[in-house]
Amino acid sequence: MAGFLQPFAEGLSFVLNILQAITILITVTTFLVMMFNRFAKALRTILKPCGLPFLRSIHIMFLCRKTPDKKRAFLEFAILKTKGRPTDAEEWKHIVNEFKNFYSEAEQHPVYEVPNCTVLLNEDLQDAATRYFAYFEDEAVRKTFGIKANAENEEPMEWVVRICVNESYLTPTCLLTGLLSDKEDNWTEFVKRYVSTGYISDSTESDKDDILTEELYLTFAWLLWGPSLELRYKDYWAGLCQISFGDESNSIPAVASSDVVGQFGIPMSQKVMNLLSVDENRSYGVLLNTTLSVHENKPFYKKLRDKVKPEESYFYEKIEDGDCPMAFRIEDARRHTGYRSEKYYCTAYVWLLFELVTEEDDAFRPERTLAFFEHANLADMGTYDFLVGTLLDKSVKHFKDIFADEQYRDRKYRFVCALNEDITIKCMEMYGKLMETDKDFAERMIMTPKRLPAEVFADYDAFFSKDTTLTFEEVTLKDKSTIRDLGNFYTEIYMEAFPDENERETFDNLLYYLKSAEESRDDKAYRYHIVLAKDENDNIIAGSIFDYFAKTNAGVVEFIAVNESLQSSGVGTKMFKHVKKMMNLDADKLRKRTVDYIFCEVDQPAKSRAAVKKYLYFWRKNQYKHIDFTYVQPALNKEKDAVDALWLTVACVNDFLAETIPAKVVIDFVADYMKYAMQIDDPEAMPEFKAMQEELLQKGNVALKEIEVQ
């Protein structure tokens, strides 16, 4: 018996070892498959930034193993539940348990409820949605999850989960992003932009050609947060709406598409239009419960383009190019009744826009516009009508005051557009009655609009995006294309910036200075640069010549010249920052430190030919001060005269509050400037230099005076 049991035990042990090995192999294989399959990667890519624990992800993979839709539904549910934020392990446990009750294989599109649209405005949630759509861009991934390839004629990718927004105040409007949002809540840049633009309007040459600063302020304030514009939804309409909660700034765009057919066979665009028209005597817009499908932004709006009225395509494209990765389509909408429909509200600007009419009246000029606005409760017709009336009264009073002032006797204004057709009609009626009885008012107000709203707001975009990213190119003799670019800059920008021949270098001189600098590159006393700035279309829009002198550890901006149409748009500031960066590189190479001073010649205001002294504001905001001595620029060649209409100014880089500068620093700088930048062999022999040196030596420390903006 014992002889039988021993072989049996050994055989059994062998079998068990094999089974154990198979079990381990299956376990390891299963683990590897689960860890390295595409759903595991999706969990890591999309939800790991939200704090998803490793062990919980294994649980989720087992839970969602049956269908691709369930896997995607969990990803979407988790994004909405966490709002894209880091979430602790205990909360993830609750999320998984809630998903078990949320998802049903019987439902094609499970619905996730949110109280209002503000949840969907969360940046972390939008970042998580961006990761979601980016992960599913791969065609192989889409195929694994049963998603059709995103071909030209196929539907854009849609979430499995739909979102029900319980309280959505809906208007047929498009919210236009405000200036502050475009500048990322940068108040400093916004204020500088306003002040800088204000100089365009403060010309004393012609009171009829420039908007008043106080008028410009109203336009900037109106654009600051971003107005909405009503689209013409009662005729050929692609369904663009605005869903808000409390205020139009708390809103998301949504499309009531004619492709979605709801109850009784009515297209959703028609249903929303009917809801908006139910009670026009009580409210502008309507409080709804809306169910939204979620799509990838750009493919969704691209698909929609052929259904958009051409004159309104701008607004759809603006949303397509926005930061939100999600596009929302209204799948169902039900009107609220009871206390919420009576008491809930949505505030927004009600507004009117006019433009100053000039003799050259073809192009729309954003800097010559005047907006009147009131922040109104759109849900209540009482407050809405009251504030529309206030808006109209305010505009009339302004124009009457202007027309009564003899100083502005030649000014004319034209109506451009308003928030909606209702306000436009009321404005036309009020102004029409005034024009019947007031001949002067009738002659100076043009109430026939000339611009389409889409064209107007596109021009605002262009005006405020002129400070876009630039590329910089240094001119060298070796690169002939840069010499060609320098020639274009010289004829198109430089000559216009320096109309006085005594102050203007010849093009041959610029090439000569460049050659001299390159031949003496080993000279550690100075560096010479010509840099050009190009826009995104490779157009040359600005240029600068500047030098660095090692003896005084100082730079000098010989000039910064910007295309006239782009002045006061931030291009000059970006050019100056780049110049300063290059000077610091020179200082680091030659002196192992950053530059101490940056000098610049500036036209004396009393002797400048410019009617508007915008250049003073530019140098003042960059911390420049006027050095208090008599500066004279020697003649640039025998055919030219010395120039005594300039100030020498300086920015003390390491001490912006400095009130004096050592006379020796100024003397040494002027000597180097004449020797290297002006190619004067012996500066100390020049009578202009001797006079400046004598005056400076008597002072010891030279006073620095604030540049007064005129």
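A: In this predicted model, His 578 lies in helix H21, which covers residues 571-591. His 578 has a relative accessible area of 18%. That value is under the 20% cut-off, so His 578 counts as buried. Which residues does His 578 contact, leaving aside its neighbours within four places in sequence? They are Phe 472 and Val 531.

Now the loop. Asp 628 sits between strand S17 (625-627) and strand S18 (646-652). Its relative accessible area is 26%. Buried would need under 20%, and exposed would need over 50%. Asp 628 is therefore partly exposed. Its contacts, not counting residues up to four places away in sequence, are Glu 695, Lys 699, Val 702, Ala 703 and Lys 705. Trp 647 is 19 residues from Asp 628 along the chain. The C-alpha atoms of Asp 628 and Trp 647 are 8.6 Å apart.

Next, the strand pair. Strand S8 spans residues 346-357. S8 and S9 run antiparallel, and nine bridges join them. Within this pairing, Thr 347 stands opposite Asn 377 of S9. Strand S9 itself takes in residues 369-377. How many of the nine residues of S9 are buried? Seven are, so the rest of the structure largely encloses S9. In a regular strand, side chains alternate between the two faces of the sheet.

To recap: His 578 is buried, Asp 628 is partly exposed, and strand S9 is largely enclosed.

How values were computed: Residues numbered from 1 in each chain as written. Predicted model: local features only at pLDDT ≥ 70, side-chain atom pairs only at ≥ 80, totals over all residues. Heavy atoms only, no water. Buried < 20%, exposed > 50% of the residue type's maximum accessible area, 1.4 Å probe, protein only. Helix = DSSP H or I, 4+ residues; strand = E, 2+ residues; numbered from the N terminus. Pairing = 2+ DSSP bridges. Contact = heavy atoms within 4.5 Å.
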